[in-house]
Amino acid sequence: MKCPYCNQLDTRVIDSRPAEDGNSIRRRRSCDACGKRFTTYEKVETIPLIIIKKDNNREQYDRGKIENGILSACYKRPVPAVDIQRVIDRVEMQEVPSSRVGEIVMEELKELDEVAYVRFASVYREFKDVNTFMDELKKILK
């Protein structure tokens, strides 16, 4: 590992422990050349989710798009951030058509928080009028 202070390659690990997120290793390192200490994080690289677009082109999934949609839907709702991250993690484990990603998110939100589900659905399904909105509410009430 290259030292961020002097760019030397001679560094050693002083301490290793699981990071707070539980998905990476936090390593405390020391540079043999300049003596300064720094922290690195080691994370397993996963295969990215591939989105199959309507025209059958494939593109890499952008977690930020789903995260922003879910955060907007859960705004001022009693939904813990850790639950939101778990929903996104579950969505990322699949290769699906782009049209299906929104449906998967809605299924997850329906279990997590019904108000967040309706908010997300109203944007995702582009409700044009009150009747479409009411139809979605009736599905929840059944």
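In which sense, right-handed or left-handed, does α1 pass α2? In this predicted model, α1 passes α2 in a right-handed crossing.

**Helix pair**

- Helix α1, which covers residues 63-73, and helix α2, which covers residues 81-91, have axes that come within 10 Å of each other and cross at roughly 140 degrees.
- That angle makes α1 oblique to α2, because angles over 145 degrees are the ones that count as roughly antiparallel.
- On the α1 side, the contact is made by Arg63, Ile66, Glu67, Ile70 and Leu71, while α2 contributes Ile84, Gln85, Val87, Ile88 and Asp89.
- Sorted by class, the residues in this contact of α1 with α2 are six nonpolar, one polar and three charged.

**The sheet as a whole**

- As a general point, strands of a sheet pair through backbone hydrogen bonds, in either a parallel or an antiparallel arrangement.

**Pairing of β1 with β2**

- Strands β1 and β2 run antiparallel and are joined by seven bridges.
- Within this pairing, Asp15 has Arg28 of β2 as its bridge partner, and Arg17 stands opposite Arg26 of β2.
- The hairpin of β1 and β2 has five residues between the strands, and Gly22 there takes a positive phi near 75 degrees.

**Pairing of β2 with β3**

- Strand β2, residues 24-31, and strand β3, residues 37-43, pair in the antiparallel sense over seven bridges.
- Among the residues facing one another here, Ile25 has Glu42 of β3 as its bridge partner, Arg29 stands opposite Phe38 of β3, and Ser30 is bridged to Arg37 of β3.
- Strands β2 and β3 also form a hairpin, with five residues between them, and Gly35 in the turn has a positive phi of about 80 degrees.

**Ser30 in strand β2**

- Leaving aside residues up to four places away in sequence, Ser30 touches Asp10, Thr11, Arg12, Ile14, Gly35, Lys36 and Arg37.
- One of these contacts, Arg37, is also the bridge partner of Ser30 in β3, and another, Gly35, is the turn residue with positive phi in the hairpin of β2 and β3.

- With a relative accessible area of 45%, Glu107 is partly exposed, since exposed requires over 50%.
- Glu107 and Val87 are separated by 20 residues in sequence, and their C-alpha atoms lie 9.8 Å apart in space.
- Val87 belongs to the α2 side of the contact between α1 and α2.

Terms used. Residues are numbered from 1 along each chain as its sequence is written. This is a predicted model: local features need pLDDT of at least 70, side-chain atom pairs count only at pLDDT 80 or more; totals for chains, interfaces and linings use all residues. Side-chain values use heavy atoms; hydrogens and water are left out. Axes are lines fitted to C-alpha atoms, for helices over the stretch in contact, and angles run from 0 to 180 degrees between N-to-C directions. Helices (H or I, at least four residues) and strands (E, at least two) are DSSP runs, numbered from the N terminus. Angles under 35 degrees count as roughly parallel, over 145 as roughly antiparallel, 65 to 115 as roughly perpendicular and the rest as oblique. A crossing is left-handed if the near helix is turned anticlockwise from the far one by less than a right angle, and right-handed if clockwise. Contact means heavy atoms within 4.5 Å. Ala, Val, Leu, Ile, Met, Phe, Trp, Tyr, Cys and Pro count as nonpolar, Asp, Glu, Lys and Arg as charged, and the others, Gly among them, as polar. Two strands pair if DSSP finds at least two bridges between them. Buried means under 20% relative accessible area, exposed over 50%, partly exposed in between (1.4 Å probe, protein chains only).
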